[in-house]
Amino acid sequence: MADTGKKLVFILGSYWEQCQGGAELQAHYLALEAQRQRWCTHYIFLSNNDKYRNDTKTILYPIIKKNLWNKLGNIKYPYAGNLLRALNRLKPDVIYQRSGMAFTGIAAYYAQKNNCRFIFHAAKEDDVQPVAVPWKRFYLIPEFKLMQYGIRKAGIIIAQTQMQAKKIAENYGKTAMVIPNGHPVPKDCKKSRAEIIILWIGNWKPVKQPEIFVKLAEKIGFMGKLHFIMVGRKNNYDELVVKARRNNIEVMGEIPNDKVNELLENAHILVNTSKHEGFSNTFIQAWMRRVPVISLNADPDAI
């Protein structure tokens with residue numbers, strides 16, 4: 001099959017090999033499938049100047065982050081010129097933008113002016129909720145306004161759950177199609193009975209509440225034959241890491257996605273302590289490997 005000659009541009013806040021979040025993972029899978037169908041794939045993202053691999057045929061367009069904008073809540077609208085220049089060079093046929101941010105509105109503006117199809121894909125609950133004007137942090141106002149503009153102008157909106165689609169209808173008057181996250185089907189796996197492996201997977205940040213998992217291990221760790229493991233980028237949680245290890249939790253830090261799947265193949269329980277989630281990729285990865293999920297708050301579509 002010959003190349004279609006059509007260009008599909010992904011726009012996200014990060015790139016998969018640089019920041020292994022759920023939105024980035026799903027974009028990675030979509031890019032691989034688009035390449036299989038002979039699309040030319042390009043990826044625009046914000047870069048910390050970190051080293052990263054690119055094992056796919058996707059052409060990367062990193063925009064270097066500025067420390068000032070990071071300190072002001074990781075705002076994206078100051079990079080509007082960088083994003084528009086990249087799009088003007090690429091002249092895409094389709095733009096796929098995932099996770100609500102200023103880039104949503106900037107991409108929608110370009111698409112409207114250049115006869116380009118624009119797809120917005122919600123990645124978290126904050127993407128579909130009404131946004132109160134943050135007067136005390138006025139510099140965030142353009143970020144939220146551009147996000148709202150982009151969602152309203154999107155030609156196609158994709159939600160992860162029926163609950164997200166309902167919120168988009170209520171708050172934006174738009175109809176969203178629901179496409180759950182997808183993952184490769186794993187081989188069957190058998191669990192060891194030597195010990196019960198209890199996993200927590202996520203990048204350590206306030207919304208994920210890693211401290212609650214540490215408290216859990218502190219409360220029930222004495223029971224024996226329990227092996228607690230925490231996986232994910234630890235950020236600035238040095239004290240909690242020390243406390244976790246003191247409670248016999250194996251703190252692994254950030255590991256590749258294939259290693260996460262290997263852990264899940266041998267695990268017995270996945271614990272989620274997040275305040276909220278969109279539709280956690282780890283839920284699906286766990287279920288596909290016969291691992292039940294115990295979730296404190298997140299319950300996508302009341303499943």
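Is Arg-233 buried, partly exposed or exposed? Arg-233 counts as partly exposed, at 26% relative accessibility; here buried means under 20% relative accessible area, exposed means over 50%, and partly exposed is in between (1.4 Å probe, protein chains only). The model is a predicted one, so local features need pLDDT of at least 70 and side-chain atom pairs count only at pLDDT 80 or more, while totals for chains, interfaces and linings use all residues. Residues are numbered from 1 along each chain as its sequence is written, and side-chain values use heavy atoms, with hydrogens and water left out.

Arg-233 has a partner in Glu-254: the two form a salt bridge, with their closest N and O atoms 3.2 Å apart. A salt bridge is taken as a side-chain nitrogen of Lys or Arg within 4 Å of a carboxyl oxygen of Asp or Glu, and the count by this rule comes to six. The pair ties together distant parts of the chain, 21 residues apart, with Glu-254 in the loop between β10 and α9 (257–266) and Arg-233 in the loop between β9 and α8. Helices (H or I, at least four residues) and strands (E, at least two) are DSSP runs, numbered from the N terminus. Glu-254 is partly exposed too, at 37%.

Lys-208 and Glu-277 make another salt bridge, at 3.1 Å from N to O. They sit 69 residues apart, Lys-208 in the loop between β8 and α7 and Glu-277 in the loop between β11 and α10 (281–287). Both of these residues are buried. A local case is Lys-259 with Glu-262, at 3.9 Å between the closest N and O atoms; being three residues apart in helix α9, they are separated by about one helical turn.

As for the strands, β8 is mostly covered, with five of its six residues buried. Strands count as paired if DSSP finds at least two bridges between them. β8 and β9 run parallel and are joined by six bridges, and Ile-201 has Val-231 in β9 as its bridge partner. The chain gets from β8 to β9 through α7, in a right-handed β-α-β crossover (with the strands pointing away from the viewer, the path from the first strand over the helix to the second runs clockwise). β8 also runs parallel to β11, with three bridges joining them, and Leu-199 stands opposite Leu-270 in β11.

Helix α7 (residues 210–220) buries Pro-210, Phe-213, Val-214 and Ala-217. Seen down the axis of α7, these fall within an arc of 100 degrees, so they line one face of the helix; the arc is that of the directions from the helix axis to the C-beta atoms.
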